[in-house]
Amino acid sequence: MNRCTPAEAAQVVAFYQQNRLTDDFPTVDEIKFLIEQQPEAQTPADAMFSRIMQQAKDQEETAHIPEETPVRRLHFKRYAGIAASFAVLFTLGWMYFNNSAATSKPSVKLTGTEITLTNEKGEIQIINEKGEVFIKDEDGKVVASQQNNTIAYDNNADIEKLVYNTLNIPYGKRFQLHLSDGTVVHLNAGTTLKYPVKFIAGQDRTVYLDGEAFFDVAKDKAHPFIVNADKLNVRVLGTHFNVSSYPEDSHADVVLVEGSVGMYTDGQTFDASKNIVLEPGYKGSFSKAESSIQTKEVSTAIYTAWIKGELVFRNMTFKNICKKLERHYNIVIENHNTSLEGQRFNASFKDETIANVLSYFKELHNFNYTINKNKVIIK
């Protein structure tokens with residue numbers, strides 16, 4: 001991945017400090033300054049290589065005593081021999097330093113369209129979906145790495161207490177998270193997940209969800225996996241299931257694809273003989289107002305299609321469809337045609353623009369609409 005760990009970067013610096021050839025050779029601080037001052041057209045490796053070679057040539061040109069010439073040439077060969085190595089090593093080191101600077105900014109300006117990661121101290125890091133960075137704890141130790149749209153945590157991280165990170169996915173985006181125990185979580189648009197940087201032996205694996213996520217839970221009979229979704233808890237040992245619990249929704253839905261899950265209200269202690277236990281192919285709907293759970297058999301593919309970027313509506317009101325469209329496309333919909341809100345629709349969309357989706361509903365119920373940037377007005 002063209003990256004080096006903090007330990008590797010430290011080894012590069014230590015090696016350099018122990019093997020400086022002369023006092024004229026650039027210091028670590030000079031190297032860092034040099035890197036920072038380089039124009040974008042020149043890589044840090046280019047800068048380092050040029051600097052090393054230039055100093056070697058300067059030393060050879062200053063050799064006036066014939067009997068010292070072999071020594072000077074030896075120095076030049078030594079410089080040349082390590083130049084390429086330093087060019088590569090300091091490129092890696094530069095990547096580490098650059099990553100450190102990017103993740104330790106004291107303040108971050110947000111527009112609401114960025115994927116963000118918040119650490120235990122409340123420090124915010126913007127996650128670029130096409131980026132590759134390290135995630136560090138409060139002591140600067142690497143605990144996870146990001147590659148494109150996935151962050152993976154290291155179960156070998158030296159952590160002995162529960163420390164939480166919070167990942168926030170804005171409207172219009174999706175993301176994937178690999179927790180330290182091997183559990184894979186797909187996060188839908190408009191979702192926030194709070195989770196331990198590393199699960200601790202002897203304690204339940206508890207995460208906190210606000211939004212929608214699909215969980216592929218790593219099996220661990222000794223440590224139950226619990227998803228807390230506001231007033232609802234979902235308890236599993238190892239299984240595949242989807243949880244949808246957006247703040248604006250009246251119900252939190254749990255759809256089980258494989259295995260078994262228990263559903264119970266927050267504050268309760270799970271009891272399989274008293275609480276709801278879902279079977280594969282069933283959905284459990286938790287009423288937030290009444291704190292009650294209803295179950296029914298469903299087609300699970302409808303509730304997991306979003307993982308592939310698809311939109312599937314089955315017997316859904318137009319009001320609820322608008323909510324899902326807002327999250328999926330990162331838009332705002334103003335519906336002034338109130339007669340549409342209660343109408344129910346069945347539809348499926350894949351890789352369609354918002355204009356194409358709205359045109360489908362317009363064919364069924366004649367209405368006019370306008371699209372201006374990220375705002376839709378239905379007349």
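These legends describe close-up views of a predicted model.

**View 1. The largest pocket and its lining.**
The largest pocket of the model has a volume of about 1100 Å³. Of the 40 residues lining this pocket, Asp-253, Lys-283, Tyr-303, Met-316 and Lys-324 are the closest to its centre. By class, the lining comprises 15 polar, 13 charged and 12 nonpolar residues. At least two lining residues come from each of the strands β13 (240-245), β14 (251-258), β17 (282-287), β18 (292-297) and β19 (310-317). The helices α5 (300-304) and α6 (318-329) each supply at least two as well. The largest share of the lining, 8 residues, belongs to β19.

**View 2. The largest cavity.**
The count of cavities of 30 Å³ or more comes to 1. About 80 Å³ of space lies in the largest cavity. Its lining is made up of Asn-119, Glu-120, Lys-121, Lys-136, Asp-137, Glu-138, Val-143, Val-163, Asn-165 and Val-197. These residues divide into 5 charged, 3 nonpolar and 2 polar. Rolling a probe the size of a water molecule over the atoms shows where empty space is left.

**View 3**
An open sheet is formed by 3 strands in the order β20-β23-β22, with mixed pairing. At its edges are β20 (332-335) and β22 (369-372), each of which pairs on one side only. From one strand to the next, the twist averages 15°. The pairing of β20 with β23 (residues 375-378) is parallel and extends over 4 bridges. Within this pair, Ile-333 stands opposite Val-376 in β23. Helix α7 (residues 354-364) packs on the sheet, where it touches β22 and β23. The direction of α7 makes about 175° with that of β22. Another helix, α6, lies across β20 and β23 and runs at about 155° to β20. Helix α6 also supplies at least two residues of the lining of the largest pocket shown in View 1.

One partner is β11 (residues 225-229), which pairs with β12 in the antiparallel sense over 5 bridges. In this pairing Phe-225 stands opposite Val-236 in β12. The two strands form a hairpin with 2 residues between them. In the turn, Asp-230 has a positive phi of about 60°. The other partner shown is β15 (residues 261-265), antiparallel to β12 over 4 bridges. Here Val-234 stands opposite Met-263 in β15. In a regular strand the side chains alternate between the two faces of the sheet.

**View 3. Ser-287 in strand β17.**
Ser-287 is found in β17, a strand that contributes at least two residues to the lining of the largest pocket. Its relative accessibility is 9%, so Ser-287 counts as buried, the cut-off being under 20%. Apart from residues up to four places away in sequence, Ser-287 touches Ser-250, His-251 and Ser-292.

**View 4. Glu-258 in strand β14.**
Glu-258 belongs to β14 and is partly exposed, with a relative accessible area of 44%. Neighbours within four places in sequence aside, Glu-258 is in contact with Thr-239, His-240 and Pro-280. Pro-280 is 22 residues from Glu-258 along the chain, and the C-alpha atoms of the two are separated by 5.2 Å. Strand β14 is one of the elements that supply at least two residues of the lining of the largest pocket.

**View 5. Glu-297 in strand β18.**
The place of Glu-297 is in β18. With a relative accessible area of 60%, Glu-297 is exposed. Leaving out neighbours within four places in sequence, the contacts of Glu-297 are with Gly-281 and Tyr-282. The C-alpha atom of Glu-297 is separated by 9.0 Å from that of Gly-284, a residue 13 places away along the chain.

Note on methods: Residues numbered from 1 in each chain as written. Predicted model: local features only at pLDDT ≥ 70, side-chain atom pairs only at ≥ 80, totals over all residues. Heavy atoms only, no water. 1 Å grid on protein atoms, 1.4 Å probe; cavity = no way out; pocket = protein on both sides within 12 Å on 5 of 7 lines; lining within 4 Å. Points joined across faces, edges and corners; volume = space filled by probe spheres on them. Nonpolar A, V, L, I, M, F, W, Y, C, P; charged D, E, K, R; others polar. Pairing = 2+ DSSP bridges. Axes fitted to C-alpha atoms, helices over the stretch in contact; angles between N-to-C directions. Contact = heavy atoms within 4.5 Å. Buried < 20%, exposed > 50% of the residue type's maximum accessible area, 1.4 Å probe, protein only.
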